[in-house]
Amino acid sequence: MSRLTRTGVLRAVVVFGALAAFPFVFPAQWIVNIAIFTLMYAGLATAWNLLGGFSGYLSLGHAAFFGVGAYAIAIAFTHIGIGGSGYKPFFALPLVGIVVALVSVPIAWVALRVRAATFAIVTLTLLFVVQQLAFNLHHLTHGSQGLALPPPPFDVSTFEQPFYFAMLGVFALAFFTCWWVKGSKLGLMLFSIRDDEDRARGVGVRVTGAKVIAFALSVGFTGMLGGVWAYYIQFIYPQFAVDPLITIGAVLMAFLGGKGTVWGPTVGAFILVPAQQYMAYKLGASELYLLGYASVFLLIMLFLPRGIIPSISDHLARRRSGRPDEPPGAVASAPRATLPGGMAP
Amino acid sequence: MSATLLGVSGLTKRFGGVAAVNGCSFQVDEGTITALIGPNGSGKTTAFNMITGYLPADSGEVTFAGRAVKRPNPTRLYRAGLTRTFQQARVFPGLTLLENLTVAISQPWRTLLRRNVAARDRERALTLLEEFGLERLGDRPAGELSFGQRKLLEFATVLMGEPRLVLLDEPTAGVNPVMVEQIERHVRELHARGLTFLIVEHDMHLVMRLCNPVIVLDGGATIKQGPPAEVQSDRAVLDAYLGT
Ligand SMILES: Nc1ncnc2c1ncn2[C@@H]1O[C@H](COP(=O)(O)OP(=O)(O)O)[C@@H](O)[C@H]1O
Ligand SMILES: [Mg+2]
């Protein structure tokens with residue numbers, strides 16, 4: 001457990017201050033559009049990290065909850081005709097988050113009965129179940145025809161801004177939750193589960209409760225991001241709202257930046273999303289970015305297995321203490337023949 | 001002082017067709033340092049796993065502190081005062097030593113989002129680290145420790161739950177002689193403070209000078225329970241060890 005350091009707070013203030021000013025400094029629509037997706041993925045990766053990075057339970061099914069959030073907003077504001085649109089869908093987001101989180105509790109409770117590797121497959125299955133539901137609950141989702149949301153009545157010149165700030169808001173919420181949890185008792189419990197779940201059970205850590213809470217928080221934010229996304233892109237289809245690639249992207253970003261760290265997923269998203277969107281913008285939309293994803297993933301696994309942030313902070317720590325760089329993994333290696341500390345005979 | 005703290009009766013576990021533990025029965029009295037010995041593969045670790053809820057038993061009963069443990073569960077047992085260490089010395093490598101200890105403090109749910117360890121708990125963790133000679137490493141990740149240090153840390157960690165009964169699985173295996181002495185000293189001190197121990201140990205000299213009574217397992221069944229001197233000269237025990 002850790003206290004908030006002044007540099008940590010300062011860093012967050014500077015970054016979020018800069019993000020708040022961003023659309024005024026760079027008002028061009030295409031730039032704000034890229035920024036919206038960057039924030040969305042930063043939020044998704046950060047939310048995913050809360051479970052995957054902290055507890056080691058790698059979910060491949062988070063897009064299911066993204067889709068649920070997207071459809072929740074879409075259905076609420078088309079069919080049920082809550083009336084009007086404007087900013088209302090944004091105000092409904094907290095409710096979406098809470099409902100998604102609550103609904104996920106029994107799902108998490110069942111899915112988390114299995115250990116890490118199986119969990120990834122179970123969540124992936126969940127994703128396809130939700131996608132099938134989106135296809136088949138025709139009266140709610142219009143199936144493959146897609147569902148249109150009421151057009152937002154925003155001024156054309158600053159059309160993107162409300163969406164930008166909505167994404168920023170949800171991302172900030174996910175980020176600060178992650179930050180808080182990391183330094184709390186819950187964070188400690190999750191990390192002990194990641195390191196050795198059986199042993200954690202043996203020292204009184206209530207592992208199921210901790211995992212379910214992390215799961216619910218994680219997918220709650222994911223659902224909220226899905227809601228903003230749906231309202232922004234206006235027309236949602238099952239295969240895009242519940243898209244495995246959304247999860248893959250978020251997971252990749254968390255790995256790149258450093259899963260289990262507070263800033264890692266954000267750093268990963270801020271590198272990958274603009275790069276990918278810029279390429280798509282310049283080279284025209286194509287599926288080539290999938291190839292890019294695959295290569296980035298291979299490169300991370302080979303050269304930065306722990307991600308950017310842990311590698312940098314290790315390097316800095318070693319420079320400060322004047323030790324030479326050790327090969328990666330030295331820290332986690334098997335018992336070394338060091339002299340036991342404080343064991344003077 | 002001879003109230004039964006842990007009672008085991010008819011405990012059985014089969015892997016495939018082979019019975020690893022076969023109708024094992026014994027008891028650990030409060031205030032003792034009881035040894036559980038037996039040749040390799042006689043089912044000691046498996047018995048520990050069943051008692052502490054890591055492995056469901058095929059049959060048999062376990063009582064702890066006068067109550068039947070219907071469905072043993074490691075977390076609940078820890079909170080009730082029964083805890084164990086592992087033969088392989090398991091710690092949380094990514095957590096610092098201090099965090100390894102503080103995560104083992106049983107706290108109610110409402111403290112879940114608290115960022116600061118209560119001063120009293122922190123004090124206890126620091127005291128324990130000091131007692132185990134690990135205080136200089138308090139802020140280092142446990143992954144950096146040597147095997148022997150991990151054993152010490154694991155031992156210290158389970159004490160955070162203020163247990164009544166500690167099960168140690170081969171606490172001195174693979175540990176240098178100086179550290180063996182240190183572990184023995186800790187067991188004696190904690191015992192003097194009222195803790196009860198059940199120890200699986202292969203070092204017979206240590207068993208004979210530290211433990212009383214001694215329980216002997218062979219082929220998953222208890223073949224003898226008694227004071228060390230008596231066990232040492234027991235025909236069946238000698239046969240078991242000599243393999244005749
Ligand atoms: N998970 C398991 N699956 C199959 N056989 C096992 C398993 N665990 C232990 N055994 C077997 O059960 C017997 C008892 O093992 P164990 O309890 O580890 O013995 P001890 O700790 O006394 O050396 C051994 O023959 C061992 O091979
Ligand atoms: Mg054993």
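Which side chain places an N or O atom 2.8 Å from an oxygen atom of ligand 1?

Guide: The side chain in question belongs to Thr45(B), which has an N or O atom 2.8 Å from an oxygen atom of ligand 1. The structure is a predicted model, in which local features need pLDDT of at least 70 and side-chain atom pairs count only at pLDDT 80 or more, while totals for chains, interfaces and linings use all residues. Residues are numbered from 1 along each chain as its sequence is written, chains are lettered from A and ligands numbered from 1 in the order in which they are written, and side-chain values use heavy atoms, with hydrogens and water left out.

The backbone also approaches the ligand. An N or O atom in the backbone of Gly43(B) lies 3.0 Å from an oxygen atom of ligand 1, and for a backbone N or O atom of Ser42(B) the distance is 3.3 Å. On its own, ligand 1 has 550 Å² of accessible area (Shrake-Rupley method, 1.4 Å probe), and the protein covers 55% of that area.

The shell around the ligand (residues with a heavy atom within 4 Å of it) consists of Phe15(B), Ala20(B), Asn40(B), Gly41(B), Ser42(B), Gly43(B), Lys44(B), Thr45(B) and Thr46(B). Helix α1 of chain B, residues 44–51, gives the largest share of this shell, three residues; helices here are DSSP runs of H or I with at least four residues, and strands are runs of E with at least two, numbered from the N terminus. By class, two residues of the shell are nonpolar, six polar and one charged. In this scheme Ala, Val, Leu, Ile, Met, Phe, Trp, Tyr, Cys and Pro count as nonpolar, Asp, Glu, Lys and Arg as charged, and the others, Gly among them, as polar.

Chain B also meets chain A: 47 residues of chain B are in contact with 41 residues of chain A, contact meaning heavy atoms within 4.5 Å. About 3800 Å² is buried between the two chains, 56% of it on carbon and sulfur atoms; this buried area is the accessible area (1.4 Å probe) lost on putting the two parts together, summed over both. The rule for salt bridges (a side-chain nitrogen of Lys or Arg within 4 Å of a carboxyl oxygen of Asp or Glu) finds one across this interface. Arg90(B) and Asp196(A) form a salt bridge, with their closest N and O atoms 2.8 Å apart. On the side of chain B that touches chain A, α2 (74–80), α3 (97–102), α5 (147–159) and α6 (177–192) each give two or more residues. The largest share, six residues, comes from α5(B).

Elsewhere in chain B, the side chains of Glu30(B) and Arg164(B) form a salt bridge at 3.1 Å, N to O. Glu30(B) lies in the loop between β2 (18–29) and β3 (33–37), and Arg164(B) in the loop between α5 and β7 (165–169), so the pair ties together parts 134 residues apart in sequence.

Methods:
A polar contact is a pair of N or O atoms within 3.5 Å; within protein, one must be able to donate a hydrogen and the other to accept it, and residues adjacent in sequence count only if both atoms are side-chain atoms.
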